[in-house]
Amino acid sequence: MYVCSIGKAKVRKQSGLAVITQHQIPSLYIHIPFCISKCIYCDFNSIVTKSQMVDEYLTAIEQELQSATGRHSFGTVFIGGGTPTVVNEIQLDRLLNMIAKHVDVHNLKEYTIEVNPGTLSDEKTIIMKNSHVDRISIGIQSFNDRYLKLLGRIHSANEAKDIYFNLREKGFKNISIDLIYGYPAQAINEWKKDLRECCKLDPEHISAYCLTYEQGTPIVEMTDSGTLKKLNEEEELKMYEFTNDFLCDNDYNHYEISNFAKRGKECLHNTVYWENREYIGIGAGAFSYVNGERYCNIKSVKEYISSSRSKKRLIYFSEKLPQKQRASEILIMALRMTSGISKKEFAQRSGFDLNELFEKQLNNLTQAGLINFDDERVMLTRKGLSVADSVMMEFV
Ligand code: SF4
């Protein structure tokens with residue numbers, strides 16, 4: 001039997017018949033772990049595409065979808081990667097059809113797909129539109145061709161803009177652009193130019209991440225060997241602060257450490273993660289969080305496919321966090337949002353009184369000007385946002 005232990009369907013009796021009632025889960029994530037080539041900074045679970053493997057992978061995720069979704073209904077769907085649009089037109093159509101077969105896509109609050117320039121044809125855009133996808137997240141990363149090349153991106157700035165205009169022309173009204181800053185040799189003026197270019201396009205949402213150096217990635221080897229030189233923390237901080245000011249001046253709401261949205265266009269799917277609510281992840285390496293328990297699927301794409309084929313368990317790791325650790329996570333994730341969390345909400349979600357659990361930390365951080373903590377809520381200050389990682393460590 002195909003094994004999926006996520007969540008338990010509630011069974012109620014009605015007129016003598018057993019009826020499966022669906023468990024409401026806020027979000028469904030589907031991972032497509034294929035890319036044309038690897039970017040030098042990437043440590044996401046992705047491999048270079050092989051068309052036959054894509055077909056086998058789609059068969060595997062369909063099995064997992066069938067098993068997991070039969071008992072659940074969802075508010076948002078997010079197809080991420082990797083590069084979901086690297087699959088060919090027939091495969092994309094197959095993927096979106098299988099989702100529509102298992103999920104009520106007509107009643108979703110948000111249906112996002114990640115797109116990378118250099119992988120999107122007109123036909124794929126039409127397939128997405130006809131399949132009720134209503135939000136596109138484009139990985140543009142930079143509008144500077146020199147840096148796109150350095151980072152190992154497969155597209156130019158003009159190709160990225162063309163994709164954006166094409167998506168608009170096809171009727172997509174909710175587009176997010178991903179940008180990266182703080183990479184070796186980047187000057188603050190170059191980053192300012194990127195932000196200006198981005199705002200000229202007027203997307204509904206912008207994610208602006210400072211480059212992180214993940215062990216095992218080529219960029220770390222290059223900086224360790226001296227081929228590339230990292231920016232220092234002060235330079236990165238200046239870029240972060242400029243980003244916040246500039247995007248707020250351009251009518252974007254800074255609603256999460258690295259995320260900005262026009263009013264009402266905040267990403268509902270990611271907000272589920274930040275609010276520590278339940279989600280199901282489908283595909284290699286995907287995480288799920290249901291009934292207070294966290295699960296992770298087998299990471300290797302090959303193993304995921306072969307386990308699915310031989311009807312073996314796809315989950316390789318699961319844990320139920322102790323209550324206090326869970327409370328800690330709830331606070332840490334909530335502090336990523338600029339609105340923070342109310343004491344009442346914290347108590348409802350964690351079962352703890354915020355003051356009692358973290359009194360010392362909250363007092364120290366308030367005195368240091370890193371958090372605002374009053375009778376109602378706790379949230380990071382502007383100063384706290386720029387050193388968010390260190391602030392979060394206080395609650396671990
Ligand atoms: S496109 Fe994204 S997932 Fe693919 S290699 Fe580049 S950063 Fe990684």
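How many nonpolar, polar and charged residues are in the shell around the ligand? By class, this shell holds 5 nonpolar, 5 polar and 2 charged residues, where Ala, Val, Leu, Ile, Met, Phe, Trp, Tyr, Cys and Pro count as nonpolar, Asp, Glu, Lys and Arg as charged, and the others, Gly among them, as polar. The structure is a predicted model, in which local features need pLDDT of at least 70 and side-chain atom pairs count only at pLDDT 80 or more, while totals for chains, interfaces and linings use all residues. Residues are numbered from 1 along each chain as its sequence is written, and side-chain values use heavy atoms, with hydrogens and water left out.

The residues that surround the ligand are Cys35, Ser37, Lys38, Cys39, Tyr41, Cys42, Phe44, Ser46, Gly82, Thr83, Asn116 and Arg153; a residue is near a molecule or strand if one of its heavy atoms lies within 4 Å of it.

Ile36 is found in the loop between strand E4 (34-35) and strand E5 (47-48), where strands (E, at least two residues) and helices (H or I, at least four) are DSSP runs numbered from the N terminus. With a relative accessible area of 43%, Ile36 is partly exposed, a class that lies between buried (under 20% relative accessible area) and exposed (over 50%), computed with a 1.4 Å probe on protein chains only. Leaving aside residues up to four places away in sequence, Ile36 touches Val48, Thr49, Val86, Gly118, Thr119 and Ile154, contact meaning heavy atoms within 4.5 Å. The C-alpha atoms of Ile36 and Gly118 are separated by 9.1 Å, although these residues are 82 residues apart along the chain.

Gln141, by contrast, is buried, with a relative accessible area of 8%, and its place is in strand E8 (residues 135-141). Among the residues that Gln141 touches, not counting those up to four places away in sequence, are Tyr41 and Arg153, and both of these also belong to the set surrounding the ligand.

The chain is divided into domain 1 (10-274) and domain 2 (327-393), with bounds that come from an automatic or database domain assignment. The C-alpha centres of the two domains lie 28 Å apart, and 12 residues of domain 1 are in contact with 10 residues of domain 2. The area buried between them is about 1,100 Å², of which carbon and sulfur atoms give 56%; buried area is the accessible area (1.4 Å probe) that two parts lose on being put together, summed over both. Tyr255, Ile257 and Trp274 supply 46% of the area that domain 1 buries against domain 2, more than any other three residues.

A salt bridge is a side-chain nitrogen of Lys or Arg within 4 Å of a carboxyl oxygen of Asp or Glu, and by this rule the count comes to 14 salt bridges, while 2 are found across the interface of domain 1 and domain 2.

| Pair | N to O distance |
|---|---|
| Asp245 and Arg382 | 2.8 Å |
| Arg146 and Glu190 | 3.0 Å |
| Glu345 and Arg349 | 2.6 Å |

Arg146 lies in helix H4 (residues 145-151) and Glu190 in helix H6 (residues 188-201), so this pair ties together parts that are 44 residues apart in sequence. Glu345 and Arg349, however, both lie in helix H12 (residues 343-350), 4 residues apart, about one turn of the helix. Lys161, Glu197 and Lys200 are linked in a network of salt bridges.
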